[in-house]
Amino acid sequence: MNVNCEETPFIYVNQDDIIHLTQEVKNFSDALAKLKCVFTDGTVCGDEIKVAAHEQLGEVLFTLRQVLEKYFALQSEDLFETAGNLINKIKNYNYESSISSGSTQSFCDCIDKLALAFSSSVSEYLMGDVEPLYTGDIAKSKSYEVIASTVNVHTPMDETKTINVMGPDEVNEILRQHDSGMDVALQRAKVWSKYLKDIIYYIDKKAQLETDYSKNLIRLAQTTKSTIVEDALLPLQSVYCLLFNMDMDYAASCQKTQTQLQTDKFIRPLATRRAEHDKIRKNIKESWNREVKKMQESISNLRKAQSLFYKSKQENEKAREMANKAETEMNIQGSSSTISTKVDKRKKIVEDTMNRAYETEHSYRAHIDETNAKHKELDKIKGHLLSKVYEQILLCDETIKNVTVEYFDLLHNMTASVPLQFKRLSESSKQYTPASKYAEYVRRLPSNGAHQIEEEVFKPYIPTTKPDDKKPYVTNSPSYSSEAPSQEGSPSCYDITDGTHGNSGSRGSNIKEWSSGDLASDSDSTPSAESSPPVSPRGPIALQTSSVNSLEDLVHGDGEDSEYSQTKSQKASDTSSGVKLHQTFLGKHCHTFGVNLEDHLKTFNTDVPHIIKKCLGEIERKGITIKGIYRVSGVKSKVESLCKQFEADPDGVDLEQQHPNVITSVLKMYLRQLPEPLLTFDAYGGFIQTAKEINAGTISGEKIIDKLKELIGQLPPANYKTTSLLISHLRQVSKESDENQMNASNLGIVFGPTLLRPYEGTPLSSLVDTYYQTMSVELLIKHSDELFGEKTETVIIPSQESTTAKEKHERVPSTKSSKKSGGSQEESPTLEQLVSELP
């Protein structure tokens, strides 16, 4: 078996990453603890607790975002779902009344669920159990921004969330007080119109391209499908027929969707709204320009009146000066008729200029009053027009929001099933056995009876005779018959109408008339649409493809090709691919997963669980040198299937055809679901303290070995034997680190959080000690020989059913060189022999 057929990306995690991740976990745990204190403290209430809750929630989300941006693989559906539930809980709660004890508990439960989801994501990341096929999908559908946008909280990464949305009155008042407020509003409305024009152009052109693509795709799929179904029993023929049907359905759906977008779902509503928007915007602009022009005319008249007033006052002052000068001359020169007349004229001029000044002053004041009134009227009109602009912006935004939501809903409905369909086709393709269809085609060929080799014989020369003397010549050679010789080598060279091929004396006499029903009757199972032959094996057929309603319908539709039907636990397996292992199995309580170790051993009367024996043995047999072993996870559906088989019959599971990554995932899942970890709750504190002392340099050398021996000596016998077997195996894996890149440190990262976890505390509390958990397991692996004895040269191989009890307890050494050189492994010890020798 090619063990590299399911190679997945290898995510490398080193000790520095563990230290940084541990600090991030601590920060997130502290933020959640502060948020919980807001509801449990009891010192604040009403608006104060609302403000405090929102501020602390912002800190939690900010911390979570930092972690997810740095460690992308931690993102999961459960994490985003629990975070969203907590946000909605805090956002929608009525804080006016006092918080009851039940509400406090509800808040705490939401916080604990988020902590549990985050803890699970971190644990799966460290153990390499992140599903490789869907690592990047979550971030595209759900992200921190999507969650954070549902609540108004302060985050340093997005300052805009601290600004509350202003109402229309506040917006209009700001623009009214601004000198260029109306121009700004009209310019923004014009920009919106141009923006909408570009959006409409893009969607319209994209819809045209998608429509053309759909038409071409339908034409291509129909042509290709009609060609490949001309012959039957070709490899993955039904899969590609399903692909063509899926593409044609998708193209038809795409055409329908693009038509809707080009009509009443997107283009038409936006174009109508844009036209109405431009019309009203222009009317508003014209009205504003008219009022501004009137205002400018009023100001111009005011300036003219002011100028006349100033001019008349200047003339009056000049006339007064001339009159005063005339009176002075008259006083000096004496009174005379000429001088008196001149003085009278000057006084009259003063009176005229004064009257004119009074008139111009009155006009000036009138224009001031008129201009002030115009200012007030213009300000009022400005507010009214700004309200109209706001109304248009609001209507336009509502329109583009509605059509955008409709647009993405249509795209989602069009493409939602595509990833799942591709996944089903992929799973179905993996089940295909190469050359199986060719073998089935050959098996269904019509039988020609016993195969005989025809020998060539001497053919005598026949002299040419005259036409009148010509007689039929008959030879006694068995190579000739009175009928034409049969055409061998083609399964279609027979007469379907009468079922004969030559006469009774020929080599292919009386061939059976084959039909599709006859062919089907010779098959061991009911043929599927893919495997049923036509009337003639070489003639054209119409391949029928049935609809696929589930993953099992696609993967396990053909009984002959289904690998799953060949497993020993078929009768006990559940067809549902979403069964959770910690739930009851087939209506009964589980006996393997989630069961206490001692109870499991008593149930199956063994010293070490069968699942551990088989998995370790199979890994050492064929997977110990695979790159990233124990770090790279297996295909989820196959992992679940294998778990069900172990639950049904742990001792009878066949791992021969299972990929090593699937086997390691099942083993890690079993260890992770133990109610009490393998190294026990009681020993947790001792291991963590020892790791801290070693990290601080307080103990070293032989004291490390003595301390570790003391700790593992406290384990119960069952835990000790299982730990010894597991750690010795991991030591063997680490010795092949040049090939598999899994040294003791990397294995410690994978198994640390699984083999060591505390009994009490929040889900995040154990993650804070992740660095010391991994260090403890790394030390056990490195010092395996000193702690558990010399087992580095043994290979764990599951024992055969025929092995006697005496043979099971005989230890036969086997060197690594014989294993690598491909020699016989008859001298290798069995797993029971290793277990029996454990203390």
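Mentor: Helices here are DSSP runs of H or I with at least four residues, strands are runs of E with at least two, and both are numbered from the N terminus. This is a predicted model, in which local features need pLDDT of at least 70 and side-chain atom pairs count only at pLDDT 80 or more, while totals for chains, interfaces and linings use all residues. Residues are numbered from 1 along each chain as its sequence is written, and side-chain values use heavy atoms, with hydrogens and water left out.

Trainee: Why are the side chains of Glu361 and Arg365 said to meet in a salt bridge?

Mentor: The term requires a side-chain nitrogen of Lys or Arg within 4 Å of a carboxyl oxygen of Asp or Glu. The N to O distance for Glu361 and Arg365 is 3.1 Å, so the pair qualifies. Both residues lie in helix α11, four residues apart, about one turn of the helix.

Trainee: What makes Arg365 exposed and Glu361 partly exposed?

Mentor: Buried means under 20% relative accessible area, exposed means over 50%, and partly exposed lies in between (1.4 Å probe, protein chains only). Arg365 has 52% and therefore counts as exposed; Glu361 has 22% and therefore counts as partly exposed.

Trainee: How do you know that the pair Glu406 and Lys265 links distant parts of the chain?

Mentor: Glu406 is in helix α11 (residues 337-415) and Lys265 in helix α9 (residues 237-265), 141 residues apart. Their closest N and O atoms are 3.4 Å apart, and the two form a salt bridge. Glu406 has 26% relative accessibility and is partly exposed; Lys265, at 26%, is partly exposed too.

Trainee: How many salt bridges does the rule give?

Mentor: The count comes to 17. Salt bridges that share partners join Glu618, Arg621, Lys622 and Glu656 into one network.

Trainee: What makes a set of residues a nonpolar core?

Mentor: The members are buried Ala, Val, Leu, Ile, Met, Phe, Trp, Tyr and Cys residues, joined through side-chain atoms within 4.5 Å. The largest such core has 106 residues, and Tyr630 is one of those with the most contacts inside it. Helix α4 (residues 101-127) gives the most, with 11 residues. At least three residues come from each of domain 1 (15-151) and domain 3 (589-788); the bounds are from an automatic or database domain assignment.

Trainee: Which residues does Tyr630 touch?

Mentor: Leaving out residues up to four places away in sequence, Tyr630 touches a set of residues including Met127, Leu616, His729 and Phe751. Contact means heavy atoms within 4.5 Å.

Trainee: What includes Cys254 and Tyr407?

Mentor: A second, separate core of 16 residues, with Val403 and Leu410 also among its members.

Trainee: Why is Thr680 called buried?

Mentor: Thr680 has 5% relative accessibility, under the 20% limit, so the label holds. Thr680 sits in the loop between α19 (660-672) and α20 (684-696), and has a positive phi, near 65 degrees, in a residue other than glycine.

Trainee: Where is Gln741?

Mentor: Gln741 is in the loop between α23 (737-740) and α24 (744-755). Phi of Gln741 is also positive, about 60 degrees, although Gln741 is not a glycine. At 36% relative accessibility, Gln741 counts as partly exposed.
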